[in-house]
Amino acid sequence: MMACEIIMNRDVDGMISEGNPWHDFLGLNLGYLIEQYDLYLENPDQVEESLKVLFAKWGEPQVEETSVTGTAISTELSPTYVLNKMKKLVQVMKLAENIRLYGHLEADIYPLEKQEKQEILTLAYYGLTESDVREIPADIICPNLKGNFSDGLSAIQYLKNVYTGKIGFEFQHLDDEKEKDWLKNKIENQFGSKKFPVERKINLFESLVAAESFEQFIHKMYVGQKRFSVEGLETLVPALDEFVQLAGENNIENVMIAMAHRGRLNVLAHVLGKPYEALLSQFQHSKWENNDPDFFETVGHTLDVKYHLGAVRNRKLGNKTVKVTLANNPSHLEFVDAVVEGYARAAQDDRFKKGAPKQDVNKALPIVVHGDSAFAGQGIVYEVFNFAGTEAYHTGGTIHIIANNVIGFTTEGHEYRSTRYSSDSAKGYHVPIFHVNADDPEASLLVMQLAFEYRQTFHKDVLIDLIGYRRLGHNELDEPMATNPVLYNKIKAHPTITEVYKKKLLDEKIFTAEKAKEMETAAWNKLKQANDRIDKQVKEVPTIAELQKGAVKEFPSVDTTVDKATLTALNKALLDWPKELKAFKKLERILGRRLEVFEKKGKIDWGHAEALAFATILKDGKPIRLTGEDSERGTFSHRNAVLTDVESGEKYIPLQHLDVANASFAIHNSTLSEAGILGFEYGYSVIAPETLVLWEAQFGDFANGAQVIIDQFISAGKAKWGESSGLVMLLPHGYEGQGPEHSSARLERYLQLAAENNWTVANLSNSAQYFHILRRQAALLKTEYIRPLIIMTPKSLLRNPSASSYVEEFTNGGFQPIIEEPGLGIEPEKVERVIFCTGRLAVELSEHLKEPEKYKWLDIIRVEELYPFPEKQINNILRKYKNLKEVVWAQDEPKNMGTWSYMQPRLQELVPKGLPVSYIGRPFMASPSEGDPLVHKKEQERIIREAITLDAILSTK
Ligand SMILES: Cc1ncc(C[n+]2csc(CCOP(=O)(O)OP(=O)(O)O)c2C)c(N)n1
Ligand SMILES: [Mg+2]
């Protein structure tokens with residue numbers, strides 16, 4: 001650091017200037033400068049960036065009559081001389097800006113290689129000599145470090161040190177000048193000089209030794225077992241720990257981490273304090289009992305591999321406690337990012353008062369650890385970056401860390417990305433990016449601190465590209481020399497991070513070699529002792545059947561009715577908007593009809609039933625959060641949960657203004673994402689188990705864009721990790737001639753994944769059923785019975801009176817897994833055919849039975865709850881009919897889709913012996929539906945005709 005006195009700068013005449021740069025041109029011809037200033041006033045972009053900075057700071061160049069010393073101004077210098085000086089100034093300023101902009105290109109950020117020198121960072125590139133630079137006032141170059149440098153050259157050298165050291169800073173792509181200035185100020189003040197306290201150096205060394213020893217110990221003791229070693233990036237461990245410490249110092253109650261396989265065990269051990277015994281016993285399949293009251297992990301009944309498991313630790317830091325959560329993670333890289341954002345938001349939202357939830361971003365800090373290859377390649381990363389500026393999904397700034405080991409499996413950077421850095425696409429989201437050499441643990445921690453401070457100041461995302469290498473193969477069984485010999489020859493020759501850091505501390509005389517050895521031995525002994533303590537007896541290997549005893553229990557019966565007075569009052573309150581609200585007239589009329597329903601004993605349609613269900617759930621004290629593409633209105637204009645004032649554009653949400661509500665209501669239009677949003681809402685539901693969280697797909701089959709979240713989290717999360725979720729998925733599924741992508745929510749996929757009470761799959765045929773199933777779901781939140789709920793929601797049924805229900809169906813009864821067609825099956829001995837079907841087709845069939853008394857031979861059963869399979873109820877129906885000739889499953893989807901493959905074997909088990917289960921529906925098809933509405937109509941007519949015509953013999957089909 002330079003001397004702190006104010007340095008007086010001398011110009012060619014020996015005159016002295018202070019601060020204001022125009023002094024340096026006293027007595028000179030300022031014509032050029034003034035000309036440039038005029039251009040600047042017209043449009044700042046017409047002048048050089050460096051002059052722009054000067055004009056913005058110092059304003060108009062002043063022509064002064066006398067110098068600071070009072071001597072007369074010399075006016076004898078030639079214009080060429082002056083112009084030359086000016087040009088030098090501009091060039092030096094350009095150089096300074098380019099150091100800030102391009103310094104990262106030359107920074108020492110890669111442990112295995114040095115970056116090439118950049119011509120653009122040399123004096124020669126600008127036609128400058130050292131003495132040219134020396135003459136420029138240092139305060140112009142580093143205005144944030146006033147008075148720290150003896151001359152311009154030392155300021156430039158300082159900038160080069162800062163921007164080409166072990167950290168590469170990229171922040172010039174930000175679109176907010178305030179943020180850029182803030183970062184420039186912090187970086188230039190802190191990274192040239194900041195000292196790392198001695199005791200922290202020792203702690204840091206200790207932490208690296210622990211991380212390294214952990215890997216080496218397992219490598220030695222459990223040869224050939226996969227652990228996805230962090231070696232080459234051990235710095236990640238103290239780096240994550242640094243955030244926990246900073247969270248504690250800043251009263252952040254939760255740190256919520258997403259990470260993949262790499263280094264996970266090490267992070268569990270050293271950031272979440274999972275006991276070594278617990279981890280080591282997993283390597284030999286022996287038992288471990290948790291007696292630590294501050295450590296929690298849940299495991300599902302059919303389990304998962306150890307490097308996917310998460311945990312929770314209450315870390316005590318002085319008198320503060322920080323709850324550190326590491327999310328469970330499937331193999332599928334990066335999808336957990338969205339889930340952890342949902343975790344964090346749930347931890348930040350206060351939902352226990354009516355109205356909108358109140359978010360406090362200081363309640364939780366989300367940290368997402370990415371792989372370098374996965375970050376560049378996986379689209380969900382960008383879906384998550386796109387959350388940061390939205391009201392619905394932001395979490396007050398996420399710390400992103402790329403655990404960059406410069407390889408993905410066997411694929412090196414030039415193969416897995418098109419850009420210079422793995423991190424490059426984050427630039428589009430105006431996220432500051434700091435590349436740091438993991439071989440310099442101190443620089444790494446300093447950069448973590450800067451990232452944290454940025455998050456706390458601006459509540460925006462920030463990205464640290466922590467660059468190391470991968471000492472072993474992708475896993476411990478892989479031989480990387482076969483595929484990446486050049487890289488691995490470098491790695492083999494490279495000392496470990498701990499060795500590099502130890503040498504530095506020895507050179508600095510922070511400790512002696514003996515002391516370092518002592519610390520290394522202590523770390524090893526700790527592992528050895530833990531290993532000696534664990535129960536060596538291998539656990540008895542259970543069968544799947546034994547494991548499955550831990551599956552979710554069957555639903556208990558729940559009273560979901562609501563008395564009429566309450567419903568009437570809630571209905572009224574939902575329509576009692578403030579007088580000043582100028583809603584869209586037509587909408588006012590449509591919603592106004594909801595009042596008439598109660599007054600005139602009309603029917604309650606789907607959207608209305610949903611609003612009533614929500615209102616009653618809020619009254620019961622359960623918060624609700626509903627998001628999806630255009631869900632405020634509803635894709636099919638059926639919800640209208642948000643009213644927009646036609647003049648001011650302001651939004652009014654009646655469910656946030658119910659006097660009797662005892663919990664919050666949130667509803668948002670989502671970003672156009674399925675995987676990211678569904679992951680987020682799943683995460684939210686896990687951390688907010690008391691909240692009814694609903695996600696709605698625009699059309700049901702768009703949910704297949706989120707198939708990973710469905711398969712890996714929603715379907716299997718409970719079985720793998722014991723992770724409970726009561727998430728509701730609303731999937732519009734109406735086979736109505738709108739073409740392949742707007743017909744089917746791919747119901748078959750949810751049925752294929754259904755097992756162990758992992759979720760409920762329903763396809764409902766009236767609005768009261770929807771009301772009751774939502775209320776049942778809300779009632780079971782936070783109980784051992786809770787599981788996700790998948791509903792095939794209707795389209796044409798939304799307003800079809802046949803699918804609307806009377807108030808009495810809300811005040812009586814409850815959710816029915818199956819519904820018998822009224823008027824059929826009155827004389828059981830005459831029934832020859834029973835048709836089972838579900839959803840919209842059931843209503844369509846019903847509408848065709850104009851005179852039910854003519855159909856004494858027929859009964860139609862709607863299966864409303866497809867999973868769990870309502871075996872008992874179906875069995876009871878079948879047992880009523882002694883003269884059955886046909887049992888049929890009817891559907892409008894193709895035979896290889898919809899419910900047939902799921903239902904056929906289950907029905908077959910229940911039908912009387914010898915009777916086949918027949919099929920009515922579309923044939924096997926590659927696409928979910930025909931594209932031509934006329935073909936649709938024809939096919940639909942055939943299905944209906946076959947279903948309700950006695951002589952259409954089906955069993956031969
Ligand atoms: C979505 C997805 N695709 C493919 C894989 C298979 N796979 C596992 S690890 C890996 C390489 C990951 O590289 P990187 O992101 O750099 O993480 P690293 O293992 O180097 O820490 C691949 C392709 C996966 N797990 N997830
Ligand atoms: Mg990698």
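This briefing covers the surroundings of a ligand and some backbone features. The structure is a predicted model, in which local features need pLDDT of at least 70, side-chain atom pairs count only at pLDDT 80 or more, and totals for chains, interfaces and linings use all residues. Residues are numbered from 1 along each chain as its sequence is written, while chains are lettered from A and ligands numbered from 1 in the order in which they are written.

**Around ligand 1**
- The shell around ligand 1 holds 15 residues, where a residue is near a molecule if its C-beta atom, placed from the backbone, lies within 6 Å of it; the closest are R262, G371, S373, A374 and G408.
- Two or more residues of this shell come from each of α13 (372-377) and β12 (407-408), and α13 gives the largest share, three residues; helices (H or I, at least four residues) and strands (E, at least two) are DSSP runs, numbered from the N terminus.
- By class, the shell has five nonpolar residues (Ala, Val, Leu, Ile, Met, Phe, Trp, Tyr, Cys and Pro), three charged ones (Asp, Glu, Lys and Arg) and seven polar ones (the others, Gly among them).

**Backbone features**
- Most residues other than glycine have a negative phi, and most peptide bonds are trans.
- The peptide bond from Y867 to P868 is cis, with omega near 0 degrees, and P868 lies in the loop between β29 (865-867) and α31 (871-880).
- H459, in the loop between α16 (441-458) and β15 (462-467), has a positive phi near 55 degrees.
- R746, in the loop between β22 (728-732) and α27 (747-752), has a positive phi near 60 degrees.

- H459 is partly exposed, because 14 other C-beta atoms lie within 10 Å, whereas R746 is buried, with 23; buried means 20 or more other C-beta atoms within 10 Å of the residue's own, exposed 12 or fewer, and partly exposed in between, with C-beta atoms placed from the backbone.
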